[in-house]
Amino acid sequence: MTERVVVTGIGMVTPLGVGVEPTWQAVLRGDNGIGPITRFDATGFPVRFAAEAPVAGEGAALKAALTELAVREALDMSGLPGGERVGVCVGSEACRPPWTWLWRKDMPTAAEVEALAPDAPTRQVAAIAGALGPRSTVSTACTSSSQALGEAMQRIRRGEVDAMVCGGVDALSEPLMVVGFSKLGALSTRNDDPSRASRPFDLHRDGFVLGEGAGFLVLERESCARARGATVLAVAEGYGCSCNAWRITDSPPDGRGAYDAMRLALEDAGLSPADIDYVNAHGTSTQQNDASESMALARLLGPVPTSSTKGMTGHLVAACGAVEAIFTILALRDGVMPGSRNLEEPDPACPVNLVREATRAPLRHTLTNAFGFGGSNGSLIFGRP
Amino acid sequence: MILGLGFELPIGLSEPVALRHLPDPRAGVVAGPDLGPWLKRRKDARLLPRAAELALPAAGVAMRGFTGNPEELGIFVAVGREPPDEGDAEASLVAMGRGGELDLKALRGEGRALYPPLLPLRTLPNMILAHVAIQHGIRGENAVFAGGAEAGHHAWEAACAALAEGRCDAALVGAALSAVDLASARDRLRLGRAGAPGEGAIFVLLGAPMPLPPHAEGEWAARVGDVGPVGAFLGLIPPG
């Protein structure tokens with residue numbers, strides 16, 4: 001039997017705060033992380049709000065700052081030493097389309113070019129962690145960091161490494177992203193009330209809210225973690241991923257890709273649907289995602305208690321899978337399910353047992369979903385240590 | 001076992017005639033490709049970034065002999081940085097500029113109107129995987145690895161692991177990159193990379209785990225240019 005993979009460190013920066021505990025307490029209170037855009041003058045833009053992290057910076061420097069804060073917190077908690085048996089896997093996109101540089105009068109430096117590469121955060125994490133093992137970068141849009149965690153689990157199970165530092169980072173509150181995604185019709189336009197803009201599974205949802213953040217975890221072979229006396233936060237029990245093979249912009253109405261990802265994660269964990277006590281849904285607050293995911297949840301897991309924390313954090317895109325995986329781990333640790341901010345009138349088209357406010361419950365196994373533009377789906381299951 | 005191999009490179013598309021060009025010191029741009037045979041819906045062509053245009057024929061040829069259930073097929077793809085799609089965005093870029101600077105006021109007005117609505121989707125790195133998966137109905141385990149040549153190796157490793165561990169019966173693995181645009185040329189200059197930039201795609205259909213392909217990037221660079229993660233697969237193409 002393959003040895004278990006355990007979580008020994010977590011770190012995050014989200015629009016709700018810097019660090020795991022401030023963010024988690026804000027989640028349990030149902031706080032709002034969404035407000036007017038401050039990164040640039042958004043006057044006259046079709047969308048003038050975002051879920052910005054409380055960290056200064058812009059572009060590649062902001063992503064690097066978010067990464068550093070989250071990775072150092074996870075490593076401090078874990079106490080993981082670096083070395084050849086430690087790898088890195090990061091979910092990330094390129095910082096912004098490099099063609100914006102066509103407007104620059106000066107030539108970008110080599111360092112600037114390198115900093116915008118999708119694998120720049122991976123190199124940064126490896127340097128911080130002293131990780132000399134395999135390192136890779138996963139770029140599947142909103143599924144990126146969920147798949148990065150899955151890849152990390154698989155590398156540990158195969159015996160290639162003893163530990164992986166894995167997670168994701170993204171920062172999308174910038175002009176071209178706001179214009180681009182608003183022209184796609186994917187963003188909420190609730191400019192008059194940003195704090196109520198992200199409303200997963202609500203009848204009156206009108207799109208997602210672009211966000212910024214980073215989430216990183218230290219995953220480790222259980223025997224190695226125990227041998228060095230590390231505190232085990234949770235067991236990474238299962239991972240499943242699938243393709244929709246449907247359309248670039250839409251999710252299949254029956255949620256078949258989401259269903260497959262969750263089913264495969266259950267198989268991987270050796271669990272049945274009845275074993276799952278809480279789901280942190282992808283729940284983006286778009287019409288299509290929430291309806292499609294609901295169909296998959298209802299079909300596979302029935303009335304399992306479910307919430308989406310994106311009502312508080314907005315959509316952290318490449319980072320959301322890792323950040324929400326941390327929320328499911330904290331839910332296990334504390335025996336409490338986060339609520340669903342802005343869920344005022346549940347959509348009848350979303351037949352899900354929604355948790356409205358943070359609720360105490362004995363949790364054995366929790367599941368988190370991440371689904372991306374283009375149809376890649378990832379599901380992760382965590383259990384108590 | 002390798003069940004299928006397809007490539008779209010400056011030497012041509014996976015046909016014997018293409019192999020005869022191997023000794024030629026060619027580099028640069030792929031002619032075409034003709035997407036007609038590789039698109040279920042013609043209108044999907046407007047959604048394709050250049051690297052996906054190269055990937056579709058290459059993946060299509062690799063899949064020719066596949067008779068299994070594509071819903072059980074895995075797909076693992078390596079990509080470079082986000083494609084710039086300058087041509088698409090040209091009108092918008094012109095409108096965004098004032099006095100040689102990116103001007104937010106212009107972006108709010110005319111620039112926004114001219115901004116191609118599908119551009120965000122065309123520039124996401126996972127669009128290559130998405131288009132190939134949609135065209136062939138592939139619904140199994142998947143991942144997109146980004147970076148340089150090492151991304152190709154990661155895709156290969158992930159495909160082999162998925163096969164060895166029984167998570168899929170067959171896996172389509174490959175890479176695609178187009179780096180012959182102005183921004184890429186400028187980046188290469190700044191990074192001090194020698195040789196010609198290139199573009200291309202290679203896909204391999206695997207039916208069982210295989211060792212990594214022989215390393216042949218340097219040997220190939222003069223023939224097809226620097227094709228980033230695609231280079232990890234060039235050693236698979238039979239010589240002469």
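Helices (H or I, at least four residues) and strands (E, at least two) are DSSP runs, numbered from the N terminus. By that count, chain A has 11 helices and 16 strands, while chain B has nine helices and eight strands. This is a predicted model, in which local features need pLDDT of at least 70, side-chain atom pairs count only at pLDDT 80 or more, and totals for chains, interfaces and linings use all residues. Residues are numbered from 1 along each chain as its sequence is written, and chains are lettered from A and ligands numbered from 1 in the order in which they are written.

**Confidence**
- The model has an ipTM of 0.94 and a pTM of 0.93.
- For chain B the mean pLDDT (the predictor's confidence in each residue, from 0 to 100) is 79, and 76% of the residues reach at least 70.
- Within chain B, confidence is lowest in helix α1 (residues 16–20), with a mean of 51, and highest in strand β3 (residues 74–79), at 96.

**Chain A overall**
- A compact globule of 385 residues would have a radius of gyration near 21 Å, and chain A agrees with its 19 Å; the radius is taken over C-alpha atoms, and the globule rule is 2.2 Å times the number of residues to the power 0.38.
- Along the principal axes, the C-alpha atoms of chain A fill a box of roughly 60 × 55 × 40 Å.

**Burial and contacts within each chain**
- Buried residues (20 or more other C-beta atoms within 10 Å of their own, with C-beta atoms placed from the backbone) make up 65% of the 385 residues of chain A and 53% of the 240 residues in chain B.
- Two residues are in contact if their C-beta atoms, placed from the backbone, lie within 7 Å.
- In chain A, 81% of the contacts between residues at least 6 apart in sequence join residues at least 24 apart; for chain B, 77% of the contacts with a separation of 6 or more come from residues 24 or more positions apart.

**A helix pair in chain A**
- Helix α5 (residues 144–157) of chain A and helix α11 (residues 320–334) of chain A have axes, lines fitted to C-alpha atoms over the stretch in contact, that come within 5 Å and cross at roughly 65 degrees.
- That makes α5(A) roughly perpendicular to α11(A), a label for angles of 65 to 115 degrees.
- A:Ser144, A:Ser145, A:Ser146 and A:Leu149 of α5(A) meet A:Cys320, A:Gly321, A:Ala322 and A:Ala325 of α11(A).
- These contact residues are four nonpolar, four polar and no charged; Ala, Val, Leu, Ile, Met, Phe, Trp, Tyr, Cys and Pro count as nonpolar, Asp, Glu, Lys and Arg as charged, and the others, Gly among them, as polar.

**Where the chains meet**
- Chain B brings 50 residues into contact with 52 residues of chain A.
- On the chain B side, the residues divide into 30 nonpolar, nine polar and 11 charged.

How values were computed:
Axes are lines fitted to C-alpha atoms, for helices over the stretch in contact, and angles run from 0 to 180 degrees between N-to-C directions. Angles under 35 degrees count as roughly parallel, over 145 as roughly antiparallel, 65 to 115 as roughly perpendicular and the rest as oblique. A residue is buried if 20 or more other C-beta atoms lie within 10 Å of its own, exposed if 12 or fewer, and partly exposed in between; C-beta atoms are placed from the backbone.
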